[in-house]
Amino acid sequence: LHDHCACLYIIALAFLSIIIEIATMNADECMETIKLTSRGGDSFELPYAAARLAHVVRDANDENDDGDIDSPEDVEILKVNSPCLEKVVEFLKHYHEEALTEIKTPLEDNTFEGNVKQEWYQNFLKGIDQPMLFDLVTAANFMAIQPLLDLTCLKVSCQLMGKSAEEIRQILNIPKLTPEEEETARRDHRWIFDD
């Protein structure tokens, strides 16, 4: 009986060591990191599992259909400046932990907070200036990060709701048309100017 218990104990230890080894291998795979480098040369490290939300990262790493790669390679994101890429990486890391709930269309509310219920995502864009917001829209589009593009475009559209044409022109930094350009635009695109 004593030998039988000792044998079971050894088998259990061997089995446990195999389980620990498998768990460690899976943890290592999940913890593979990648660096994204901005136009300014600053690098931001994040888990590859989070970075792969950006299609530009997947494309640069030649993922197969199963999402498998040998070893992720760092990616230069030369169309995005450092402060903006830092914000994008913050988004990617958080999204990996807590995905953004899909923004329903038609919109349920005229406010950003009325459409985005998750507090972190509400706060993510709180307090950023217009140039940074537009940089984030551009980065999300270039990097093909659909949830970030949805979030930032929603923020812009909520800022434009209820504004006059002149206010929208100022917010979007659209130059004022000369009288000649306005006359041509009214003639060529009457449907826009119909009151």
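**A walk around helix α4**

Visitor: Leaving aside its neighbours within four places in sequence, which residues is S82 in contact with?
Guide: Happy to start there: contact means heavy atoms within 4.5 Å. This is a predicted model, where local features need pLDDT of at least 70, side-chain atom pairs count only at pLDDT 80 or more, and totals for chains, interfaces and linings use all residues. Residues are numbered from 1 along each chain as its sequence is written, and side-chain values use heavy atoms, with hydrogens and water left out. Beyond its neighbours within four places in sequence, S82 touches S38, G40, D42 and F44.

Visitor: Is S82 buried or exposed?
Guide: S82 sits in helix α4; helices (H or I, at least four residues) and strands (E, at least two) are DSSP runs, numbered from the N terminus. Buried means under 20% relative accessible area, exposed over 50%, and partly exposed in between (1.4 Å probe, protein chains only). With a relative accessible area of 12%, S82 is therefore buried.

Visitor: What is the order of the strands in the open sheet?
Guide: Two strands pair if DSSP finds at least two bridges between them. The edge strands, each pairing on one side only, are β2 (43-47) and β3 (75-77). With mixed pairing, the three strands run in the order β2-β1-β3.

Visitor: In β2, which residue is the bridge partner of L36?
Guide: Strand β1 (residues 33-38) and β2 pair in the antiparallel sense over five bridges. K35 stands opposite E45 in β2. For L36, the bridge partner in β2 is F44.

Visitor: Which residue takes a positive phi in the hairpin of β1 and β2?
Guide: This hairpin has four residues between the strands. The one with a positive phi, near 90 degrees, is G41.

Visitor: How are α4 and α8 placed to each other, roughly parallel or roughly perpendicular?
Guide: Axes are lines fitted to C-alpha atoms, for helices over the stretch in contact, and angles run from 0 to 180 degrees between N-to-C directions. Helix α4 (residues 82-97) and helix α8 (residues 146-160) pack at about 115 degrees, with axes 11 Å apart. Angles under 35 degrees count as roughly parallel, over 145 as roughly antiparallel, 65 to 115 as roughly perpendicular and the rest as oblique. The two helices, α4 and α8, are therefore roughly perpendicular.

Visitor: Which residues of α4 and α8 make the contact?
Guide: Here each helix contributes side by side: from α8 come P147, L148 and L151. From α4 come V88, F91 and Y95.
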